[in-house]
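Keep the structure in view as you read.

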Amino acid sequence: MYVREYFKKKIGRISLPDNFLFYIWLFVLIVLIEVGAYGIVQIHTKPIMPTQPFESYAGVPWRLLVATYVFFVVSTTGLCIVSSLGEVFGFIRLKPVVRMGLLLALVTILVGLMIIGLEIERPFRAPFAFLAHVNPYSLMFWMIMFYALYMVFLIIEMWFILRDDIIQLSIRSPSSLGRFLYGLISLKFLEPVAGSYRPKYRRKLEHEFAKVLGFITVFVAIIAHSNLGAVFGVTYLPFWHGPLMPIYFILSAIISGAAILMFSSIITFWARGVKIKGKIYDSIQMLRVVLGFALVVDLFFIAWKFVSKFYFPSPVTKEALEIFLYGPLKINFWVFELGIGTLIPILILAIPITGRSVKWNLAASIMTIIGIFVLRYDLVIGGLLGKSISGITYQMYSPHVFEIMAVVGFFALTGLIYTIGIKILPILGTMEEKTGRGE
Amino acid sequence: MNDEGDIKKKAIFFGFVLVVFVAAGIIFYVFYLSPPIEKTYVQKWMEIEASRLPQYGSPELCSKCHFEQYSLWIESEHHSSIQCENCHGIGMKHIENPYDGNYMPRIDTSREFCGICHESIPPRDESSAIKTVNLSTHNPEYSCILCHLPHRT
Amino acid sequence: MKITRRELLTRTIVIVLGTGISFKSTRGVEEEKNLVMCIIPDKCIGCGMCVKACKIENKIPVEKPISRTWIEGYEIKIKIPYSESDVKKIVMNTSKNPFLTYKWGDGEHFFVPKLCNQCQKAPCVRVCPVNARFYTAEGIVLVDKNSCIGCKYCVTACPYGATYLHPDQKVTDKCTYCYHRIKRGFSPACVQACPTGARVFGDINNPSSEVSKILREGSVDVLLPEEGTDPKTFYIGLENKFIVEHSIATGEEINE
């Protein structure tokens, strides 16, 4: 808003289209997506990643893209958990951001699965392989299985939640195309009575069913997510190995879910010109509580994890941690993970003056997101760098340009899908609120 | 109120049915559908793997054409324990096309070549399985094969 | 008599081997083989012939530092308590031999050839999401390269670091004990190339084979027994090497 007014003042004579900034935003996103696509194509057409032309003979098998994938699926689980706190578990104050959270969860799981699908060396083989010959003992298989299932459930859940409003949209839409499409998405023709008022009983049932589905979805999300934790936890690498890994993943999911929801809801409200006050402000304060609490618990998790591995310095576990404490990842760990990612946000959220200010909340959520991303990166790379029992020891790894390009592209893709979703779906406020047609 | 409870029950029932169906589908797919197909994959791959041609021959194969060297080598005191192809490079292709210059075995007469095995480095001490010499002091000017015929030692 | 942990281990291994033999033979399948490799680090002179032979035999890019089999040279200063810098590890996995140029210091020096241990309870088989890894009748773990999707989970799961990504084929790859050779009656390329007989290969179900004899003499060791992978690559005389257990886990690697 401010920016647009500023522009108007500056270049007063040229009349800008009303949503000029919106088009710039779309344009930037599309350019970035193209950059990412270029990176991905390069990764797959050049000889294999871990060696040429990426010069790092260290050959860390799981790299930046895997870290990004973990980040995305952690976020989707967290978003799903946080929004179902509002939808299913009765945290009513979260209501205004629930739909946004669900949309974001859907976007992140879509992009997340896309990342892992493009990260593996044989992207075209994987779908057929997963249809034809799977290994039920493999945790990775169950992880992908449950994430796919989760995505399906999430879509169904969202459909049930949004259906009523989409039907309203299809009735009110000015263009015939819009009417047709919304009618198609909401399967309006299945309705016995065509009209704006549907039987209360049906709407009620759909609503309840959406809640049940929400419960199932969260459940599947947590299964899938702890499976991801176990994918790391079962390996022999000392930094990863351990039964607490899945639990830790669930916890950190809540952190990144709350942080991302906070960040994107504030940004979205600003961009749509919604004043953050009243119920909306309350919901962000609720997110602040969730985020702050999860961050504090996480701090203890990190602390005890390190202490328990360092207490009796077995050479293996000690070496795994030295990478973080004073090894190649020390800046990532001390500055990004601990400082920017955990301590400063806790402070910001805990101190009343800053915690109650939306701008500070935004800052805290951005910091947490950065911290979580670095934490994912460190988790994946740091675990592998400690692997020393081989002829293929991994020494150091720094992301290649193409990988970074791909990651940027994936983030831009998330932004684009989210923007489109916000534009076409009834996410911001229900129809009932807008039309004043209450129960 | 009664109506409300009814709706809730109905919704939960639907959800339950959905979960049961999905779970049954997964179990059926994972444990009944996929393994049988997998067996044929395994069989096929084992055939492919077994059908790869060896590159590394054996002295007996060389003996067919290089009987002179072979008979020297087989009676030699020491090098009879090492393969022709250790010194001459991998030679199955050469056996198939003996006159093809591309696949001609290499003959390396440099001192460094013998040093790969005979250079004295600390891990190869007295107890090791090989006799070592210090390349820089053991008759430095000459090629090794001048005094030690490789096929005969 | 005091039994150290290692002795106990060795004994259990021998017992396990023994039961393995009897169990397999009672199954009554004719000519069922159980192929194992036995490595005698004492005899290894670090010439790297096995690495070259393996790489050419299996078409692995020779100059890239990935290999199905590789040699680790250790330099260990004997000191109690030892610190990690007392253990140096040099790895040969290309045709270049770093052992000849490395400035060896004081201490104990020895070579340990390594390769895929063909575990009977292989982590890589277990974790593969698409069943691309499986056991053959001989107990060898093979990678179905037509099914592998390149997720690299096996690479992170293998405690021995014996699996890697093939740079050209874009699938994972590992030692197969030269499956195509042993099917034709040859021994694996690395075994044939070894000038000193540091690698012995054969059928353990056949009591007169060379491996059976060597294994029966006792003092058999496997790498990382605590991981419970039941390897089929045995090491003879590893216990003579001082604190080798730790050194193999945590050597400081030197790249030249």
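**A surface patch, a buried arginine and a sheet**

This is a predicted model. On the surface, A:Leu177, A:Phe180, A:Leu181, A:Leu184, A:Phe189 and A:Leu190 form a nonpolar patch. Together they have about 660 Å² of accessible area.

Q: Is A:Leu184 buried, partly exposed or exposed?
A: A:Leu184 lies in helix H7 of chain A, residues 176-185. Its relative accessible area is 44%. Buried needs under 20% and exposed needs over 50%. The value of 44% falls in between, so A:Leu184 is partly exposed.

Q: Is A:Arg163 buried or exposed?
A: Look in helix H6 of chain A, residues 139-172, for A:Arg163. Its relative accessibility is 4%. The cut-off for buried is under 20%. Therefore A:Arg163 counts as buried.

Q: Which residue's side chain does the side chain of A:Arg163 join in a polar contact of 2.5 Å?
A: The contact runs from side chain to side chain, at 2.5 Å. One partner is A:Arg163; the other is A:Glu206.

Q: Which strands stand at the edges of the open sheet in chain C?
A: This sheet has 4 strands with mixed pairing, in the order E9-E1-E11-E10. An edge strand here has a single partner strand, so one side is left without a neighbour in the sheet. The two are E9 (199-203) and E10 (220-221) of chain C.

Q: Which residue in E9(C) is the bridge partner of C:Met37?
A: Strand E1 of chain C covers residues 35-39. E1 and E9(C) run antiparallel, joined by 5 bridges. In E9(C), the partner of C:Met37 is C:Phe201.

Technical notes
Residues numbered from 1 in each chain as written. Chains lettered and ligands numbered in written order. Predicted model: local features only at pLDDT ≥ 70, side-chain atom pairs only at ≥ 80, totals over all residues. Heavy atoms only, no water. Patch = residues over 30% accessible without salt bridge, like charges linked within 9 Å, V, L, I, M, F, W, Y side chains within 5 Å. Areas by Shrake-Rupley, 256 points an atom, 1.4 Å probe, with all protein chains shown as cover. Salt bridge = Lys/Arg side-chain N within 4 Å of Asp/Glu carboxyl O. Buried < 20%, exposed > 50% of the residue type's maximum accessible area, 1.4 Å probe, protein only. Polar contact = N/O pair within 3.5 Å; in protein donor to acceptor, adjacent residues only side chain to side chain. Pairing = 2+ DSSP bridges.
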